[in-house]
Amino acid sequence: MHCDSLASQMNHESFLAVYEQTLALQSWDARAPLIDETACFVFSDGTYQGKAQIERAIRSTFALINDETYRLEDVYWVHVAADCALCTCQFVWSGLINGVASQGSGRGTSLLVNDATGWKIKHEHLGPNAR
């Protein structure tokens, strides 16, 4: 999958669909071209600033969860412009942790930016579902 060249030919919705597909692949190499160099990701275990920190966090998750499935649901576009888009969504995952079937879900917010190279994730915040 040549995500970096595809990103310049997509709109915000098709970019997010490709991003979702890379999440299910559990491949940093597939996901990396879709993340901005100065991105900030916020997960339940910490805040990761810059692509190198984000890579370490994501690779750690990939190592923990085997046979993962991951999907986004109920995507709501809060703001869409030519150079950026902001959405909220629900995420749902399942997989094996230490050989035991596990699953989870939560809510997320993603900021996408669009420049001469195409769309990229600039910020992602994933957390628990609302009570």
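**View 1. Glu68, a buried acidic residue without a salt bridge.** Glu68 is buried yet forms no salt bridge, and the nearest side chain of opposite charge, that of Arg31, is 7.5 Å away. Here buried means under 20% relative accessible area, exposed over 50%, and partly exposed in between (1.4 Å probe, protein chains only), while a salt bridge is a side-chain nitrogen of Lys or Arg within 4 Å of a carboxyl oxygen of Asp or Glu. Lys and Arg count as positive and Asp and Glu as negative, with His and the chain ends not counted. This is a predicted model, in which local features need pLDDT of at least 70 and side-chain atom pairs count only at pLDDT 80 or more, whereas totals for chains, interfaces and linings use all residues. Residues are numbered from 1 along each chain as its sequence is written, and side-chain values use heavy atoms, with hydrogens and water left out. Glu68 lies in strand E3 (residues 65–80), and its side chain is joined to that of Gln26 by a polar contact of 3.2 Å.

**View 2. The salt bridge between Arg31 and Glu124.** The closest N and O atoms of Arg31 and Glu124 are 3.5 Å apart. This pair links distant parts of the chain, with Arg31 in helix H3 (residues 28–31) and Glu124 in strand E6, 93 residues apart. Both Arg31 and Glu124 are buried.

**View 3. The salt bridge between Lys122 and Asp36.** The side chains of Lys122 and Asp36 meet at 2.9 Å, N to O, and this pair too links distant parts of the chain, Lys122 being in strand E6 and Asp36 in strand E1, 86 residues apart. Lys122 is partly exposed, with a relative accessible area of 26%, whereas Asp36, at 14% relative accessibility, counts as buried.

**View 4. Strand E6 and its partners.** Seven of the ten residues of E6 (residues 118–127) are buried, so this strand is largely enclosed by the rest of the structure. Strands E1 (residues 35–43) and E6 run parallel and are joined by four bridges, and Cys40 has His123 in E6 as its bridge partner. Strand E5 (residues 100–115) pairs with E6 in the antiparallel sense over nine bridges, pairing being assigned if DSSP finds at least two bridges between two strands. E5 and E6 form a hairpin with two residues between them.

View 5. Glu55 and Arg59 form a salt bridge whose closest N and O atoms are 2.8 Å apart. Both residues lie in helix H4 (residues 51–64), four residues apart, about one turn of the helix.

Conventions. Polar contact = N/O pair within 3.5 Å; in protein donor to acceptor, adjacent residues only side chain to side chain.
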